[in-house]
Each structure stands twice: as structure tokens, then as C-alpha cells.
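Visitor: Could you walk me through this one slowly? I'm still learning how to read these pictures.

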Amino acid sequence: MGGSFFLAKIPQQTQIPAAPFPIVIAGTLVNRKENYLTIGAFGGMSMQPPVIYIPSLKTHYTNIGIKETGYFSINLPPARLVLETDYCGLVSGWKIDKSQLFAPFYGKEKLAPMVRECPVNAVCKLKKPWIFPTMMFSSVRWWNISWMKTA
Ligand SMILES: Cc1cc2nc3c(=O)[nH]c(=O)nc-3n(C[C@H](O)[C@H](O)[C@H](O)COP(=O)(O)O)c2cc1C
């Protein structure tokens, strides 16, 4: 088993290993206006209770809305939204209004804009911001999930 197959190992500087993390667009309301950012390393922490995290740098404009409202959405973008997803991760709400990029819809709490164009959406309630000093590590709770209608 394995035989002559051999992988050379090259030590890297300390950082998150370059694994295929799922990308999500996180949405929130800042001063009652939608803002979206791209998160490249979203992940699950617990199945029951359902808890997820997004690592969001403290300086991001989006964090203002998350702290203000206590909510944000996560939206899994389809391939055809690659340009918009990249754009959300390249420009900041501090400088550019990103509120018109998507058609938002809301859950019952009406505090986290979800992206209608994305097939999977969830509203998340902030549990704990910034466990680590350099990153906002917020554990969150699923609120609802909506699936794209196929008919
Ligand atoms: C593909 C991609 C993945 C990204 N992943 C993250 C991430 O995991 N955490 C983070 O803090 N920023 C990440 N960013 C950077 C933010 O999305 C970017 O700085 C964004 O402009 C912040 O927007 P805001 O200031 O309006 O909140 C990513 C950017 C791209 C393009």
C-alpha cells in the first residue's frame, strides 16, 4: 500500500492550512443599510446546538452591523456569482456602498439581509465576538434556512 508514492514535506509559516474552505457572503445591516462581505473560511463548530463561526477581521465595516444588531446572514454563492463574491471581498463598506449588489430578503427578526440569488441562506445570531485578538471569531446560531425554489 502506498509503495513508492512519496510526498515531500515543506514546512510553512504558521497560518491556517490552505484547505478548501467554503466561501460565504455574510450580510448585515449597518445603519439600516445592507452590507456584505466575503468570508473565505466559514465553518461549523457544533451540530447540536447548531453553531457556526466566521473569522472576520476586527477592522471590517460589516462588524459594526453585526455588533449593532446582534445578527448576520451567511449565504453560499453559486458559481455564477463569482464576480460579486470577489467584489464583496475586495471593496469595503467604509468606502463603497455595497447595498445594491443583491436582492435582499429577511427572516422574522428582519435584522440580517439574506441574498436571494444564493441557494442556501441562514440567519445567525451572534453569540461571542472575538475570542482571538486578531480575528472576530463569532459563534452563531442558525435561525432559518431557505432553499432555492427549483420549480
Ligand atoms: C475570496 C475572499 C475571501 C475572504 N475571506 C475573508 C475572511 O475569511 N475573513 C476576513 O476577515 N476577511 C476576508 N476577506 C476580506 C474581506 O471580505 C474584505 O476585506 C471586505 O472588503 C470587507 O468588507 P467590509 O469592510 O465592507 O466589511 C476575503 C476576501 C476575499 C476576496
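Predicted model: local features only at pLDDT ≥ 70, side-chain atom pairs only at ≥ 80, totals over all residues.

Visitor: What's the mean pLDDT of the chain?

Guide: The mean pLDDT, where pLDDT is the predictor's confidence in each residue from 0 to 100, is 83, and 81% of the residues reach 70 or more. Over residues 147-151 the pLDDT is below 50, and beyond near neighbours in sequence this stretch has 3 contacts in the model, a contact being two residues whose C-beta atoms, placed from the backbone, lie within 7 Å.

Visitor: How many helices and strands does the chain have?

Guide: The chain has 2 helices and 9 strands, and along the sequence they follow the pattern β-β-β-β-α-β-α-β-β-β-β. Helices (H or I, at least four residues) and strands (E, at least two) are DSSP runs, numbered from the N terminus.

Visitor: OK, now the ligand. Which residues are closest to it?

Guide: The closest are Gly40, Thr62, Gly89, Ser92 and Gly93, out of 20 residues that surround the ligand; a residue is near a molecule if its C-beta atom, placed from the backbone, lies within 6 Å of it.

Visitor: And which element gives the most to that shell?

Guide: Strand E2 gives the most, with 4 residues, and E2 (33-39), strand E4 (51-57) and helix H2 (82-90) each supply at least two. The shell divides into 10 nonpolar, 9 polar and 1 charged, where Ala, Val, Leu, Ile, Met, Phe, Trp, Tyr, Cys and Pro count as nonpolar, Asp, Glu, Lys and Arg as charged, and the others, Gly among them, as polar.

Visitor: Switching topic: how much of the chain is buried?

Guide: Of its 151 residues, 29% count as buried. A residue is buried if 20 or more other C-beta atoms lie within 10 Å of its own, exposed if 12 or fewer, and partly exposed in between, with C-beta atoms placed from the backbone.

Visitor: Why is strand E5 largely enclosed?

Guide: Strand E5 (residues 71-76) has 5 of its 6 residues buried, so it is largely enclosed by the rest of the structure. Strand E1 (residues 24-30) pairs with E5 in the antiparallel sense over 3 bridges, and Ala26 stands opposite Ile74 in E5; two strands pair if DSSP finds at least two bridges between them.

Visitor: Which residues are buried in helix H1?

Guide: In H1 (residues 62-69), Thr62, Asn63, Gly65 and Ile66 are buried. Seen down the axis of H1, these buried residues fall within an arc of 160°, so they line one face of the helix, the arc being that of the directions from the helix axis to the C-beta atoms. Just after H1, Gly70 takes a positive phi of about 80°.

Visitor: Last one: is Asn31 buried or exposed?

Guide: Asn31, in the loop between E1 and E2, counts as exposed because it has 9 C-beta neighbours inside 10 Å. Its phi is near 50°, a positive value in a residue other than glycine. Arg32 is also in the loop between E1 and E2, with a positive phi near 65°.

Conventions. Residues numbered from 1 in each chain as written.
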